[in-house]
Amino acid sequence: MNGPRGLSPFNVASLALGLAFLYLPIVILMIYSFNASRLVTVWGGWSLRWYQEFFQDRAMIEAGWMSLRVGATSATIATLLGTLAAVALSRGEGFKGRTLFSGMLYAPLVMPEVITGLSLLLLFVAVNAERGFWTVTIAHTTLTMCFVAVVVQSRLTSLDRSLEEAAMDLGCSPARAFLAVTLPLIAPAIAAGWMLAFTLSLDDLVIASFTTGPGSATLPIRIYSEVRLGVKPEINAICTLVIALISMVIVVASLATKLSGAQRETAAPL
Amino acid sequence: MSGRRIFARPARLGAIAPYLWMLLFFLVPFGFVLKISLSQTAIAQPPYLPVFDLTQGAAAFKTALTALSLDNFRLLVSDNLYVFSYLRSLVVAVVATAILLVIGYPIAYGIARLPPRWQPIAMMLVIVPFWTSFLIRIYAWINILQHDGLLNQMLLSLHLVSVPVVWLSSDSAMYLGIVYSYLPFMILPLFATLAKMEPALEEAASDLGAPPLKVFWLITFPLSLPGVAAGVLLCFIPIVGEFVIPDLLAGSNSLMIGQTLWLEFFTNKDWPVASAAAIVLLLLLVAPLVVYDRLQRAQLEGAR
């Protein structure tokens, strides 16, 4: 009904320039990770030298492993809690403390990370918790469950509720109706929520810096301390690997979404 | 209708776990920030004097209450370093958000004008960089902007400059980094409102003889204001507290408040002052946070 709207040359130019701006730096970084030369000024031919260097860097590998574990654990807990929160907000009607609840879920989305990190650290210090894997995981869960809640909630809001009602009219218990009707319909949004939570955790520097303890640095913390000392080709290689990993997660998840046959109803990515 | 009611109860029960989690790990920690911002710095581990210990009973609580000090907050308003940090953060956030709006709007508008089947692909292309790490994207720019980086090489070989330009450690590099990192946050809400707009309205205006710019100012822009507000807040609030981008790209002679807080905490180990700085930062953001919360709620719960 909208029909193809006219694209003016101005529209085309802003699209092309915008996408080039977003992608060029990343593409350049990836290309230079294969540069045999140590100097950025010199192209020394294609080489996997910096990847080899990375795989021999014990500290960096350990940090990467730590990040993967924190990311997978926190994303899983966050997906569980965030989905429950989204269901409560969109299907729970009014309940006591609802305003506070939704406020607590939306605020962390924009809250400066220095504040979230500092406040969580002070909590952990006050209860004398040993800082390391679990404190970072809890911190990341707190942040990312809010993103999961928003993604799942926007899907639930756009869902046709008469489907659930029909199931219950036909004799399903509420739990059964939820498991048989609602859950399959919001599954793609839940998957997208998990991915978002995982990549946000993999990405976070500030909150992890506040909440981690000695000897358990995450990958961004290691990368950050190296980057402060200047550009190193090895960092290019690590960044390329991280980008490849994240792209793989995105591709696998969107394929899974397609296979589940619900691709038309995927929620907005954010 | 009755189905809805039955469904509501288990849904509410499900809220208990995330509710408790957010109370414990989001709300309660602010209490600790407030408490420590009122205590005194000490050379100890942890580096602050305990303000009160509930186990000692009411009398101890009373004496502790009199020992509370606003010294840290006095320091924040009297020391130019902090005042300038706050001002600089606000200025940077305003300028960067304005640039983001000017750059993001045409891109969002362009995507909204694409044939409908192309729109999801274009949006995907905008969002994918957002999935890749913040730190990596800033690092990518350091690669380009450094002394012997690609930009200088290009300018030198085109004979546009005779000596390499210093790009890093400057405000322009910082703005570039911020705009680059936050662009998807601006485009996303703008696109959402622009895509929903009825094209017949614009067509009617131009059929009635309005030139394109006038159509934009009288029809398109006013109708997209909710998206503009969402995009502006989604960028402005986190930019005020930004740490990584100014730390890696801007010079070190003037700091944003996120950097000052980080410095107080990690380098000076002055936790009480860092906590006070966080409280003041939070107070600055209360108004935009409330507006943002309203918008978010209207968008997500409007269809209820």
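**Helices in a two-chain predicted model**

Hi everyone, let's start with a length check on helix H2 of chain B, residues 16-37: at 1.5 Å a residue, its 22 residues should span 32 Å, and the end C-alpha atoms are 31 Å apart, which agrees. The expected span here is 1.5 Å times one less than the number of residues. Helices are DSSP runs of H or I with at least four residues, strands are E runs of at least two, and both are numbered from the N terminus.

Some housekeeping before I go on. This is a predicted model, where local features need pLDDT of at least 70 and side-chain atom pairs count only at pLDDT 80 or more, while totals for chains, interfaces and linings use all residues. Residues are numbered from 1 along each chain as its sequence is written, chains are lettered from A and ligands numbered from 1 in the order in which they are written, and side-chain values use heavy atoms, with hydrogens and water left out.

Back to H2(B). Where is the kink in H2(B) centred? On Leu23(B), with a bend of about 35 degrees; the bend at a residue is the angle between axes fitted to the seven residues ending there and the seven starting there. The buried residues of this helix include Trp21(B), Phe25(B), Phe26(B), Phe30(B) and Phe32(B). Buried means under 20% relative accessible area, exposed means over 50%, and partly exposed is in between, using a 1.4 Å probe and protein chains only.

Still in chain B, have a look at Ser85(B), which sits in helix H5. Ser85(B) counts as buried because its relative accessibility is 2%. Leaving aside neighbours within four places in sequence, Ser85(B) is in contact with Leu255(B), Met256(B), Ile257(B) and Thr260(B), where contact means heavy atoms within 4.5 Å.

Axes are lines fitted to C-alpha atoms, for helices over the stretch in contact, and angles run from 0 to 180 degrees between N-to-C directions. The crossing of H1(A) with H5(B) is left-handed; that is the name if the near helix is turned anticlockwise from the far one by less than a right angle, and right-handed is the name if clockwise. On the H1(A) side, the contact is made by Phe10(A), Asn11(A), Ser14(A), Leu15(A) and Gly18(A); on the H5(B) side, the residues include Pro106(B), Tyr109(B) and Arg113(B). By type, that contact divides into six nonpolar, four polar and one charged. Ala, Val, Leu, Ile, Met, Phe, Trp, Tyr, Cys and Pro count as nonpolar, Asp, Glu, Lys and Arg as charged, and the others, Gly among them, as polar.

Now over to chain A as a whole. How many helices and strands does chain A have? It comes to 11 helices and zero strands. Its C-alpha atoms fill a box of roughly 70 × 60 × 30 Å along the principal axes. Of its 270 residues, 56% are buried. Among contacts in chain A with a separation of 6 or more, 71% are between residues 24 or more positions apart.

Helix H6 of chain A, residues 133-158, gets the length check too: its 26 residues should span 38 Å, and the end C-alpha atoms are 37 Å apart, which agrees. H6(A) has a kink of about 25 degrees centred on Thr142(A). It is mostly covered, with 22 of its 26 residues buried.

Next along are H7(A), residues 162-169, and H8(A), residues 174-203, which pack at about 145 degrees with axes 9 Å apart. Their crossing is right-handed. The residues of that contact divide into seven nonpolar, one polar and one charged.

Let me finish with some loop residues. Not counting residues up to four places away in sequence, it touches Ala63(A), Met66(A), Ser67(A), Val136(A), Asp204(A) and Ala208(A).

Asn128(A), in the loop between H5 and H6 of chain A, has a positive phi of about 60 degrees although it is not a glycine. Asn128(A) is exposed, with a relative accessible area of 69%. In chain B, Lys269(B) also has a positive phi, near 55 degrees, and lies in the loop between H14 and H15. Lys269(B) counts as partly exposed, at 48% relative accessibility.
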